[in-house]
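User: I am new to this structure. Please walk me through how to read its features, one at a time.

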Amino acid sequence: MKKRAAGKRGSGVELDRRELLKIGAAGLGLAALGACTPGEGGGTGLRIQRTDLGPAPQDPFASPPMETVRIGMVGVGLQGTSHVRNFLGVEGCLITAVCDIVPEKAERSATLIEEAGFPRPTLYTNGERDFERLCAEEELDLVFTATPWEWHVPVCLSAMENGKHAATEVPAAYTLDDCWALVEAAERNQKHCVMMENCNYGRMEMLCFNLVKQGLLGEILHAEGGYLHDLRGIKFEDQDEGLWRRAHSMQRDANLYPTHGLGPVSNCMDINRGDRYATLVSMSSPSRGLQLWAEENYPPEDPKRQERYVLGDVNSSLIKTALGRTILVQHNTNLPRPYSRINTVEGTRGIFTDYPGRVYIEGKSERPHRWDDAEAWLEEYDHPLWKEMAERSAGAGHGGMDYMEDYRLIKCLREGLPTDMNVYDAAAISAVGPLSEWSVANGSAPIEFPDFTRGRWQSWPAWELFGA
Ligand SMILES: NC(=O)c1ccc[n+]([C@@H]2O[C@H](COP(=O)([O-])OP(=O)(O)OC[C@H]3O[C@@H](n4cnc5c(N)ncnc54)[C@H](O)[C@@H]3O)[C@@H](O)[C@H]2O)c1
């Protein structure tokens with residue numbers, strides 16, 4: 001099979017973009033980079049649909065079972081280290097290799113692994129592309145990446161081309177070409193490529209999912225999700241996400257981080273399993289928050305004061321599905337505000353909403369036109385996974401949901417089950433980034449979604465409730 005160097009596809013736009021995304025080297029007033037190569041996009045300049053891939057698989061992909069999942073971790077900063085800690089407590093997996101461009105971070109993970117009583121992993125710390133050596137040389141079942149966004153696709157492609165399953169932190173990709181590249185590589189190599197959307201496993205999200213599956217909300221017609229998180233302090237730090245995340249705000253006016261809000265509500269709407277995203281329109285507010293933060297926190301001569309941000313502070317994107325249902329996805333990370341993922345699902349019999357969690361179901365809620373506290377519904381409708389695993393996951397990242405997603409990934413791989421999220425979900429949810437970027441730049445015009453499943457969304461089985 002012909003191998004190609006990950007990240008060196010097409011015109012080389014990706015490498016250039018990756019270089020530009022390094023804060024410091026990012027430069028000032030960067031021109032918006034084209035999101036995709038020209039193609040079949042109905043005059044949009046985006047390659048929307050690929051017609052050269054043949055049919056998608058008849059059934060959702062499942063790989064042969066395995067006794068122990070050998071894992072290579074790539075990127076062990078804040079979130080990667082949290083996954084390392086989780087895997088140390090999940091039966092049937094072993095971290096045998098760790099890669100990071102910062103040797104101390106790789107070493108920190110090695111120490112955690114050894115202290116937990118496991119053999120010392122092999123470390124890969126020879127620069128930005130040393131993950132390629134890890135993928136080529138190590139005997140692994142799974143390569144798991146929690147690197148900055150610009151490295152997700154190169155790592156996943158390298159993993160799959162070298163015969164390993166891939167799992168990536170969110171979003172999986174931020175160009176349409178890269179979304180397709182993941183789908184193509186997963187199909188060609190018959191490997192999983194899982195986007196690790198931890199919010200799918202949040203207690204409130206799973207309660208809502210359970211209510212939907214029990215039919216209590218009726219026919220689902222509309223949903224809302226988002227990532228509303230004041231990240232100003234984090235974006236300006238001289239460490240961790242401050243080293244890379246702010247750069248995206250200098251280059252892209254888009255819904256940069258759609259997955260936490262969109263993942264869970266899409267499960268409730270059986271996206272890619274009976275319905276699919278069909279079109280999107282997007283608009284962004286003016287960009288003020290980061291400019292103001294820089295002015296108020298840095299002296300005039302500081303390089304940060306010279307930066308220019310293009311990311312609209314509040315992005316609102318509306319998706320219409322093939323069945324005519326609607327989803328609002330918001331992104332809001334530059335303004336002072338309390339945290340929310342919105343997490344609203346509405347049907348013909350009732351509505352769930354979050355922050356704080358509330359339920360209203362006609363004829364069942366305590367009072368007409370008034371919310372019930374969602375806690376009151378947990379007793380009967382807490383998701384089976386939470387009923388079984390709340391204690392075991394207590395103390396893990398993001399209220400325990402991170403442990404559950406890692407646990408589920410290992411379980412599915414060990415038992416040869418389709419994973420909870422697959423490469424088509426990764427591609428469709430991540431595609432909101434580039435599609436919203438295009439719509440915002442084109443007067444909020446509607447743009448069609450790629451159908452990464454090439455029609456299979458109509459026959460793949462609906463989401464089910466799964467237990468531990
Ligand atoms: N699901 C969640 O709730 C959640 C929360 C936080 C972060 N994230 C995601 O996790 C990812 C990482 O975020 P973070 O907060 O841990 O950031 P971070 O900056 O703390 O960690 C990134 C790590 O990757 C390393 N790295 C950078 N380039 C590399 C390369 N080429 N090869 C190997 N290592 C490389 C860095 O040295 C660092 O240790 C991002 O995709 C982010 O969106 C998800």
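Analyst: Start with sheets. Two strands pair if DSSP finds at least two bridges between them. Helices (H or I, at least four residues) and strands (E, at least two) are DSSP runs, numbered from the N terminus. Here T279 stands opposite E448 in β15. β8 and β15 run antiparallel and are joined by two bridges.
One note on the source: this is a predicted model, where local features need pLDDT of at least 70, side-chain atom pairs count only at pLDDT 80 or more, and totals for chains, interfaces and linings use all residues. Residues are numbered from 1 along each chain as its sequence is written, and side-chain values use heavy atoms, with hydrogens and water left out.

User: What holds strands of a sheet together, and what is the strand order in the open sheet of nine strands?

Analyst: Strands of a sheet pair through backbone hydrogen bonds, either parallel or antiparallel. The nine-strand open sheet runs β14-β13-β12-β11-β7-β10-β9-β8-β15, and its pairing is mixed. β14 (372-373) and β15 (447-448) are the edges; each has a single partner strand, so one side of each is left without a neighbour in the sheet.

User: Which helix packs on the sheet and touches β12?

Analyst: Contact means heavy atoms within 4.5 Å. Axes are lines fitted to C-alpha atoms, for helices over the stretch in contact, and angles run from 0 to 180 degrees between N-to-C directions. Helix α7 (residues 203-213) packs on the sheet and touches β7, β11, β12 (350-353) and β13 (358-361). The direction of α7 makes about 165 degrees with that of β12. Another helix, α10, lies across β7, β8, β9, β10 and β11, at about 160 degrees to β7.

User: How does β10 pair with β7 and with β9?

Analyst: Take β7 (residues 220-228) and β10: they pair in the parallel sense over seven bridges. Y227 stands opposite H331 in β10. Now β9 (residues 315-321) and β10: their pairing is antiparallel, over six bridges. There, K320 faces T326 as its opposite residue in β10. The hairpin of β9 and β10 has four residues between the strands, and G324 takes a positive phi near 85 degrees in it.

User: Is β10 mostly covered or mostly open?

Analyst: Buried means under 20% relative accessible area, exposed over 50%, and partly exposed in between (1.4 Å probe, protein chains only). β10 is mostly covered, with six of its seven residues buried.

User: Where is T333, and what does its side chain contact?

Analyst: T333 is in the loop between β10 (326-332) and β11 (344-347). T333 is buried, because its relative accessibility is 1%. A polar contact is a pair of N or O atoms within 3.5 Å; within protein, one must be able to donate a hydrogen and the other to accept it, and residues adjacent in sequence count only if both atoms are side-chain atoms. The side chains of T333 and N334 make such a contact, at 3.3 Å. Beyond its neighbours within four places in sequence, T333 is in contact with residues including Y227, H229 and D313.

User: How many residues of helix α15 are buried?

Analyst: Eight of the eight residues of α15 (residues 423-430) are buried, so this helix is largely enclosed by the rest of the structure. They pack against α6 (176-189), β6 (193-195), α10 (259-268), β8 (277-284) and α16 (432-441). At the start of α15, a side-chain oxygen of N422 comes to within 3.0 Å of the backbone nitrogen of Y424.

User: What is the strand order in the sheet of six strands?

Analyst: That open sheet has the order β3-β2-β1-β4-β5-β6, with parallel pairing. Its edge strands are β3 (122-124) and β6, each pairing on one side only. Inside the sheet, β1 (residues 69-74) and β4 pair in the parallel sense over four bridges, and G72 stands opposite V143 in β4.

User: How many aromatic pairs are there?

Analyst: Rings of Phe, Tyr and Trp (its six-membered ring) pair if their centres lie within 6.5 Å; planes under 30 degrees apart count as stacked, over 60 as edge-to-face and the rest as tilted. The count is 15 aromatic pairs. One of them joins F87 and F144 edge-to-face, 5.4 Å centre to centre with 80 degrees between the planes. F87 is in helix α2 (residues 78-88) and F144 in strand β4 (residues 142-145), 57 residues apart. F87 is buried at 2% relative accessible area, and F144 is buried at 0%.
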